[in-house]
Amino acid sequence: MVPWGRQPCRRYSVRVNPATESALEPRALRATLGAFATGVTVVTCRSQDGQAVGLTVNSFNALSLDPPLVLWSLRLASPSLGAFDAADHFAINVLAEGQVELSRRFASAMAGKFDEGSWHDGLHGLPLLSGCAATFECERVSRQDAGDHRLYIGRVLRHLWQPVPPLLFHRGHYHLLGEVL
Ligand SMILES: Cc1cc2nc3c(=O)[nH]c(=O)nc-3n(C[C@H](O)[C@H](O)[C@H](O)COP(=O)(O)O)c2cc1C
């Protein structure tokens with residue numbers, strides 16, 4: 001096996017990344033993790049003084065059906081950490097393909113993130129985005145530090161989906177949903 005070798009593979013080339021110390025360096029690991037295509041969400045909560053707080057997240061995942069649990073993780077250095085720790089509830093807004101600008105907005109440090117998009121209040125005042133592919137309103141049941149992130153687990157209190165195509169993220173780029181196989 002040739003380390004970091006490239007071989008033709010239809011549209012993509014193969015990049016072999018051996019489990020050496022340099023391959024486990026964050027940039028290389030991030031590149032390999034990027035091969036796992038995900039949806040894109042904006043996770044929101046209300047701060048203790050009632051402000052809407054939110055950020056773009058693709059670490060969201062299903063965890064359990066019974067009880068209904070979902071998870072996501074937040075980097076420990078995030079300025080939003082205090083608000084999510086203080087809040088008993090959070091909402092997952094799964095973005096539709098037409099909401100890519102909102103994803104960029106909520107992945108930035110800009111002020112007034114909620115000035116764009118159509119927002120309304122859900123359970124416990126949770127900020128919910130209209131027109132997205134799905135929403136999950138959750139009660140936080142667990143919180144645990146794992147490396148440089150904090151893992152939040154929530155029990156789903158209410159959920160909703162709409163027949164609109166979701167926004168996808170793969171290898172650092174946004175994508176549209178492809179063909180059904
Ligand atoms: C597609 C995408 C997915 C992201 N997923 C996460 C994530 O799961 N957890 C996280 O902490 N940051 C994630 N980020 C980065 C945050 O959105 C970004 O750091 C944002 O500024 C965080 O808001 P904050 O400044 O309030 O922490 C992601 C960014 C993008 C573009």
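Me: Over which residues does pLDDT stay under 50?
Reply: Residues 1-8. pLDDT is the predictor's confidence in each residue, on a scale from 0 to 100. This is a predicted model, in which local features need pLDDT of at least 70, side-chain atom pairs count only at pLDDT 80 or more, and totals for chains, interfaces and linings use all residues. Numbering starts from 1 along each chain as its sequence is written.

Me: How many contacts beyond four places in sequence does the model have for that stretch?
Reply: For residues 1-8 there are 14; two residues are in contact if their C-beta atoms, placed from the backbone, lie within 7 Å. Where pLDDT is low, the predicted coordinates should not be read in detail.

Me: And what is the mean pLDDT of the protein?
Reply: The mean is 93, and 93% of the residues reach 70 or more.

Me: How many helices and strands are there?
Reply: The protein has three helices and 14 strands.

Me: Switching to the ligand. Which residues are closest?
Reply: Leu55, Thr56, Ser59, Ser78 and Ser80, out of 16 residues that surround the ligand. Strands S5 (52-57) and S7 (69-75) are the elements that give two or more residues to this shell. A residue counts as near if its C-beta atom, placed from the backbone, lies within 6 Å of the molecule or strand.

Me: What is the make-up of the shell by class?
Reply: Eight nonpolar, seven polar and one charged. Ala, Val, Leu, Ile, Met, Phe, Trp, Tyr, Cys and Pro count as nonpolar, Asp, Glu, Lys and Arg as charged, and the others, Gly among them, as polar.

Me: Back to S5. How many bridges join S4 to S5?
Reply: Six, with S4 (residues 41-46) and S5 running antiparallel. Two strands pair if DSSP finds at least two bridges between them. Thr41 stands opposite Val57 in S5. The hairpin of S4 and S5 has five residues between the strands, and Gly50 there takes a positive phi near 90°.

Me: What is the strand order in the open sheet of three strands?
Reply: S3-S13-S14, with antiparallel pairing. S3 (38-39) and S14 (173-175) are at the edges with a single partner strand each, so one side of each has no neighbour in the sheet.

Me: Which residue is the bridge partner of Gly39 in S13?
Reply: Leu168. Two bridges join S3 to S13 (residues 168-170).

Conventions. Helices (H or I, at least four residues) and strands (E, at least two) are DSSP runs, numbered from the N terminus.
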